[in-house]
Amino acid sequence: MNSRLPLLAIMAAGACVALSGPAFSKALVVRSAGPSAKAYPPGKALPDSAKISLQPGDSLTILGPGSKRTLRGPGTFATASGDATAMTASKRARFGAMRTGDLALNPSPWNLDVTQSGTMCVGATGLQMWRPNSEEAVKLSISKGSGSATTVDWPAGKSTLAWPGAIKVEDGSEYQLALAGGTTSERVRFAVLPAIPDAVTDAAQALIARGCQNQLDVLVEGIEDE
């Protein structure tokens, strides 16, 4: 399987440097660090002809319809317009081909990683749970507050499993998840979206707006660098 692709660092100094490769019709900041981070917060949409001025120590990752770029300061960068493309099924499938060493990576940003706490953005139906280690059968405990727990049997060899239909997934609802034999439990808060966006940039924007950071990381890492 393919290794996780490293972020492409575009180093520049002085004058304006145009981004190479296919142009973005819509560019979205998904990661920012350094002195200019406040000027380019995650979720900031960039105009077609935006000039991006970065200082020493700045790092900025921008996401387009089907690719991402990481810019590092100092320098001034420009992005031109282009044709928008949807996040097709083939692009979604690419998430399933990533591993780092022996550590499996979540194949889809819309899978609930039961080993991570945080806010989880979901659609109206069809939530899938995911675990990084699927070699052995395990029991998953799902509880809400001080209420009784529901135990789910997770068969060996299966990395994904459907969320129990008897447990409601509602906007703002919180659950505690614990794998048998584990040393910690995770707390998940659901944020229900009206619909799962098809376009990559729209999906990223929705995840940022609702604070679904774990999913944003999966989405960004699953997009190839240009």
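Where is the place of Pro74? Pro74 sits in the loop between strand E8 (68-72) and strand E9 (75-78). The bond joining Gly73 to Pro74 is a cis peptide bond, with omega about 10°. For background, most residues other than glycine have a negative phi, and most peptide bonds are trans.

Before we go further, a word on how to read this predicted model: local features need pLDDT of at least 70, side-chain atom pairs count only at pLDDT 80 or more, and totals for chains, interfaces and linings use all residues. Residues are numbered from 1 along each chain as its sequence is written, and side-chain values use heavy atoms, with hydrogens and water left out.

**The overall picture**

The protein has 3 helices and 19 strands; these are DSSP runs numbered from the N terminus, helices being H or I with at least four residues and strands E with at least two. Of its 226 residues, 41% count as buried (under 20% relative accessible area, with exposed over 50% and partly exposed in between, using a 1.4 Å probe and protein chains only). Take the contacts (heavy atoms within 4.5 Å) with a separation of 6 or more: residues 24 or more positions apart account for 60% of them.

Let's visit strand E13, residues 118-122, where 4 of the 5 residues are buried. E13 runs parallel to strand E19 (residues 186-192), and 5 bridges join the two; strands pair if DSSP finds at least two bridges between them. Within this pairing, Thr119 stands opposite Arg189 of E19.

How many disulfides are there by this rule? The count is 1, where a disulfide is a pair of cysteine sulfur atoms within 2.5 Å. The partners are Cys121 and Cys212, with sulfur atoms 2.0 Å apart. This pair links distant parts of the chain, 91 residues apart: Cys121 belongs to strand E13, while Cys212 lies in the loop between helix H2 (200-210) and H3. The torsion about the S-S bond of Cys121 and Cys212 is about 80°, so the disulfide is right-handed. Both cysteines, Cys121 and Cys212, are buried.

**Helix H2**

Among the buried residues of H2 are Val200, Ala203, Ala204 and Leu207. An α-helix has 3.6 residues a turn, so residues three or four places apart point the same way. The cover over the buried residues of H2 includes E4, E7, E13 and H3. Just after H2, Gly211 takes a positive phi of about 75°.

A search of the whole structure finds 2 cavities of 30 Å³ or more. On a 1 Å grid over the protein atoms alone, a cavity is a set of points where a 1.4 Å probe fits but cannot get out, and lining residues have an atom within 4 Å of a point. Grid points are joined across faces, edges and corners, and a volume is the space filled by probe spheres set on the points.

| Cavity | Volume | Elements supplying at least two lining residues each |
|---|---|---|
| Largest | About 90 Å³ | E12 (111-113), E13 and H3 (213-221) |

Which residues lie nearest the centre of the largest cavity? They are Asp113, Gln116, Met120, Asn214 and Gln215, out of 14 lining residues. The lining of the second largest cavity includes Ser32, Ala33, Tyr40 and Leu60.

Notes
On a 1 Å grid over the protein atoms alone, a cavity is a set of points where a 1.4 Å probe fits but cannot get out, and a pocket is an open set with protein on both sides within 12 Å along at least five of seven lines; lining residues have an atom within 4 Å of a point.
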